[in-house]
Amino acid sequence: MAVAIDVVDISKQFRLYNEKHTSLKERVIHGGKMPFTPFWALKDVNVEIDEGETFGILGRNGCGKSTLLKCVAGILKPTSGEIRVRGSLAAMLELGAGFQPDLSGRDNIFLNGSLLGLSHADIEKRFDAIVAFAELEDFIDNQVKFYSSGMYVRLGFAVAVNVEPDVLLVDEVLAVGDAAFQRKCLDHVKRFQKEGRTIVVVSHGTDTIRQNCSKAMVMNHGKVITIDEPGEAIRAYLADLLGVGTLDNSESGGIEGNVFAIGAVQAEHGGSGSRSHLYPGESLTITADLDSLAAVDNAIATIAIHDDRNELVFASDPDDPGCQMEIPLGGGMVRFYFPEVPLLDGTYSVSIGIRSRTQTAIFDWKDQVTQFEVANPGRATGRVRLPLDVSFRLRSVLHTGEVPVAAPIGGIPGAPVAEQIVS
Amino acid sequence: MSLSVDRPSAPGSDPVATIGGTTRFVPGQRHHQVTVVNGKVQLGQRIVDLWRNRDLLFLLIRTQLKVKYKDSVLGYVWSMLNPTLVLAIYYVVFKVISRNNQPYFAIWLFCGLLVWNLFNNSAMSATGVVVGNSHIVKKVAFPRELLALSTVGVSLVLFAIQVGVLILALLIFGIVPAWSYLPLLPLALVALIVFTSALSIFLSAVNVYLRDTQHLTEVLLMAWFWGTPIVYAFGLISTELAKPRWHSLVWIKYVYLSNPVTPIAMAFQRAIYGKTQYTYHGAVTHILPVWGVGTFSLLLTVDLAVSVGLFLGALVVFGRLEGNFAEEL
């Protein structure tokens, strides 16, 4: 497969001016010199993105991912290195960039389309499709400044996707508009993928990357950390974000006088095979090594699970007698066993703590020390796999000629309700 | 240390799995075109890009014109009112108050102002155009020189409107232009456009880094205006310099002529105003040199050649500075 985007040894230096002299007077006073600190936003970045790939870029704020995207788009010029892009390219760095508030939606479609590289004839051909996509048929001749923010963004997205580029660069703009519009955008992205176009997405949302990308790259401090399949990359990203990953678990001692230290933590699923992820409903075992310099008989082990948006999914009950334990001198191993994990797709991080039952003291607390991945082979979506039973029963009451009007709230539509009405 | 991530390859659950297996879109011609982004300034590529994006240029011009007169009742009439008012003021000051004897002085003034307005309007608005459109420059990749060129385009539209007013005035006053000199005007206009574009592109880029440029430009353009024979005649200068007491200062004349706007303004005056001298109470006043069409052509050709050189230079400077626009704005 041909390479769509070839990034070769790209470096980009920014100058962080200690004091910025943009006026002539200041420049003269300082002899034309401006003290600055060089800052490498990108350093020796090499990536090959194949045609037809949907490529995600992950990284913390300021890691250089947006700078890289701007370099690929040609908005910024790299300090050294070269980027080769095969085919036409459109960048969605901001929706509706270049809209003139004083012009009508119609004029802005032409302006924005031209900025994205379409000829006048091209835009005329696609004009109706763009308006229909943006759902703005009634407002297209109104000035854009009177548009709601939703309308504005929809128009921006509609123009950008209707450019139909060979290579599309997207910077965290997929989440626009209401749910129906988002679905339409995703459908459009899917169609692009099917047609073999190349898409590069920069996002913080690991879910977006996981669901849409075929490959992902993690960046930090302007360097490439890893380029891998999305799952692996997300793991590396979270490890980077949470400061775990290659962390030596023995590095920090216990909080309470170093009596305790939680050592290596492991997560294992109860499923068969060597797969690295967990299927929903499988068991999960978390084990943690524990070093102890004293015998404690009133310790409580706690565990908490967070999702990739750092929202708490579960935290154990400290009053649960099963969590209370005696820990002898020298320590041992704590085992947390979940017989069934009813979670759906996602990466979840695990935090583990050992605290005293009688005092408020925390012996040791390891925040988000490890993580596990749940991958759902089915098509259910969401966070939790709720037990579900769907059944169908014939509505026998219809023979009596009575028509059930509306089921009361909480009632199950069907025979039992109808029987109530009859009686 | 932990479970690593791996997608199950269950059919239908993975959107990626369908790539390559299904129909690929038909590669267009542009599909095989490779764009290279690096730190170098490729002059040829820049010019090609400018040409490719000419649709955008026209759209930018249209946008600026629309925005300029949006919500105004008189609209385009303003673009005529402004120069007409300037013309009226100069006319009153020089003809009525300071008793200038030149016949149809207003027409003479108009010929020069026409040229100057095109140059001045472009340079002034181009200086702030990249900074003013930072929201586009930071987010969209396109040849940014177009922004500067669009200000020249807008001025050119206003120029056309003013030419209409001038033709009307010529008809009313029954002034006959010097027909043999009229063919010079397209050449003069092209030279003017190229020179103005060069300066506009240069100023728009420099102003991103040195915001004082805007104010400096204002002052320099004012000085430049009075250094160009528009309100007064070139003939007055050359007559004065021909006197023996200014013998050592003849070089001033050549410095004067090296101003690229001067030959262009003089060509307009020569062709439209038509006279090189006038007689008042028996005293002859020379207002323009008695050059033939050939001399004017030569001067304008040199002017054009220099302007093309400056234009290319401006593109190179712009290309150098453009690389960090998104960062500086």
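Which residues have the most contacts inside the largest nonpolar core? They are A:Val72, A:Leu169, B:Val115, B:Leu192 and B:Phe268, in a core of 153 residues. Keep in mind that this is a predicted model: local features need pLDDT of at least 70, side-chain atom pairs count only at pLDDT 80 or more, and totals for chains, interfaces and linings use all residues. Residues are numbered from 1 along each chain as its sequence is written, with chains lettered from A and ligands numbered from 1 in the order in which they are written.

**Cores**
- A nonpolar core here means buried Ala, Val, Leu, Ile, Met, Phe, Trp, Tyr and Cys residues joined through C-beta atoms within 7 Å, where buried means 20 or more other C-beta atoms within 10 Å of a residue's own, with C-beta atoms placed from the backbone.
- A second, separate core has 28 residues, A:Ile352 and A:Phe372 among them.

**Where the chains meet**
- Chain A puts 70 residues into the contact and chain B 47, contact being C-beta atoms, placed from the backbone, within 7 Å.
- On the side of chain A that touches chain B, E4(A) gives the most, with seven residues.
- E4(A) also runs antiparallel to strand E1 (residues 34-38) of chain B, joined by five bridges.
- Within this pairing, A:Val85 stands opposite B:Thr35.

Definitions and conventions: Buried ≥ 20, exposed ≤ 12 C-beta atoms within 10 Å, placed from the backbone. Contact = placed C-beta atoms within 7 Å. Helix = DSSP H or I, 4+ residues; strand = E, 2+ residues; numbered from the N terminus. Pairing = 2+ DSSP bridges.
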